[in-house]
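Open the model in your viewer and keep the selection panel at hand. This tour goes stop by stop.

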Amino acid sequence: MGCSSEEGVLCTMCLNTLPLVPSRCYRCQAATNNFEVCGSCRKYTKLGHVWVATVYEGLIKEVIHAYKYERVLSAHKQLSMMLVDALPLVSDMIVVSVPTATSRVRQRGYDHTLLIAKDVAFQKNLIRKRPMVRFSQSRQVGSSRKARFEQLSNSFFVTRPQDIIGKKVLIIDDVITTGATVETIAALLKSTGAKEVNALVCSQKL
């Protein structure tokens, strides 16, 4: 999609041209070590770290759009490669994908976040679990932060608490905008008994 080569949706050269995100707090953009949530923002979120691969603009925006809305299924391979490169060495996290609305899964024919999470877990030799389900079918694109939180209220439910109690959990998602989705899920997982919750996302919309 970047240079018209036949290597894949994104060739290695085009992947290397994507802007790297410096280590910072995902909420306020203050510089932090290892993408840790800064001290000022910790009171607003249960997330400890949010690793971000790149900025949601240009080429990566086109790729994610094609993956989610044009059924370019093979894009999950390149997106998962980005996440594997962005994630530091970890060995004891449970990988969890953000549950996709069932109506979206039926439309696409696949769960886009689940495919990426499977790839990341396999390549990083981590255990992947599906401890949650999503009840809400509402679409959040274009919604404000307040509206997103209202839409997400009671949208997720933990069906397998035994999978995450006492564990460190890594949430996988494609795009973080307001942070409402991952923050809602993090709060739910912590209240269920997760020891620690972090997130790993392909891109951040600024």
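**Ground rules**

This is a predicted model, in which local features need pLDDT of at least 70 and side-chain atom pairs count only at pLDDT 80 or more, while totals for chains, interfaces and linings use all residues. Residues are numbered from 1 along each chain as its sequence is written, and side-chain values use heavy atoms, with hydrogens and water left out.

**Stop 1: the whole chain**

Select everything and colour by secondary structure. The protein chain holds seven helices and seven strands. Helices (H or I, at least four residues) and strands (E, at least two) are DSSP runs, numbered from the N terminus. Read from that end, the order of elements is α-β-α-α-β-α-α-β-β-α-β-β-α-β. The radius of gyration is 16 Å, close to the 17 Å that the globule rule gives for 206 residues, so the chain is as compact as a globular protein of that length. That radius is taken over C-alpha atoms, and the rule is 2.2 Å times the number of residues to the power 0.38. Along its principal axes, the C-alpha trace spans about 45 × 40 × 35 Å.

Now switch to a surface. The protein chain exposes about 10100 Å², with carbon and sulfur atoms supplying 52% of it. Accessible areas come from the Shrake-Rupley method with a 1.4 Å probe; for residues, only the protein chains shown count as cover. Of the 206 residues, 50% count as buried. Buried means under 20% relative accessible area, exposed over 50%, and partly exposed in between (1.4 Å probe, protein chains only).

**Stop 2: the sheet**

Select the strands. In what order do the five strands of the open sheet lie? The order is 1-7-6-2-3, and the pairing is parallel. Two strands pair if DSSP finds at least two bridges between them. Strand 1 (47-55) and strand 3 (127-128) stand at the edges with a single partner strand each, so one side of each is left without a neighbour in the sheet.

Walk across from strand 1. Six bridges join strand 1 to strand 7. Pick Thr54: its bridge partner in strand 7 is Ser203. Strand 7 is mostly covered, with eight of its nine residues buried. Strand 6 pairs with strand 7 over eight bridges. Pick Ile176 there, and find Gln204 as its bridge partner in strand 7.

**Stop 3: strand 2**

Select residues 93-97, which make up strand 2; five bridges join it to strand 6 (residues 168-176). Met93 stands opposite Lys168 in strand 6. Towards strand 3 there are two bridges, and Ile94 stands opposite Ile127.

Is strand 2 enclosed or open? Five of its five residues are buried, so strand 2 is largely enclosed by the rest of the structure. In a regular strand the side chains alternate between the two faces of the sheet. Here both faces are covered: Met93, Val95 and Ser97 are buried on one side, Ile94 and Val96 on the other.

**Stop 4: helices on the sheet**

Return to the pairing of strand 2 with strand 6, joined by five bridges. Contact means heavy atoms within 4.5 Å. Helix 5 touches strand 2, strand 3, strand 6 and strand 7, and its direction makes about 130 degrees with that of strand 6. Axes are lines fitted to C-alpha atoms, for helices over the stretch in contact, and angles run from 0 to 180 degrees between N-to-C directions.

**Stop 5: aromatic pairs**

How many aromatic pairs does a search of the whole structure find? It finds two. Rings of Phe, Tyr and Trp (its six-membered ring) pair if their centres lie within 6.5 Å; planes under 30 degrees apart count as stacked, over 60 as edge-to-face and the rest as tilted.

Select Tyr67 and Tyr110. They are stacked, at 5.6 Å centre to centre with 25 degrees between the planes. Tyr67 lies in helix 2 and Tyr110 in the loop between helix 4 (102-108) and helix 5, so the pair ties together parts 43 residues apart in sequence. Both are buried.

Now select Phe135 and Phe157. Their ring centres are 6.2 Å apart and their planes at 25 degrees, so this pair is stacked. Phe135 is exposed, at 54% relative accessible area; Phe157 is partly exposed, at 46%.
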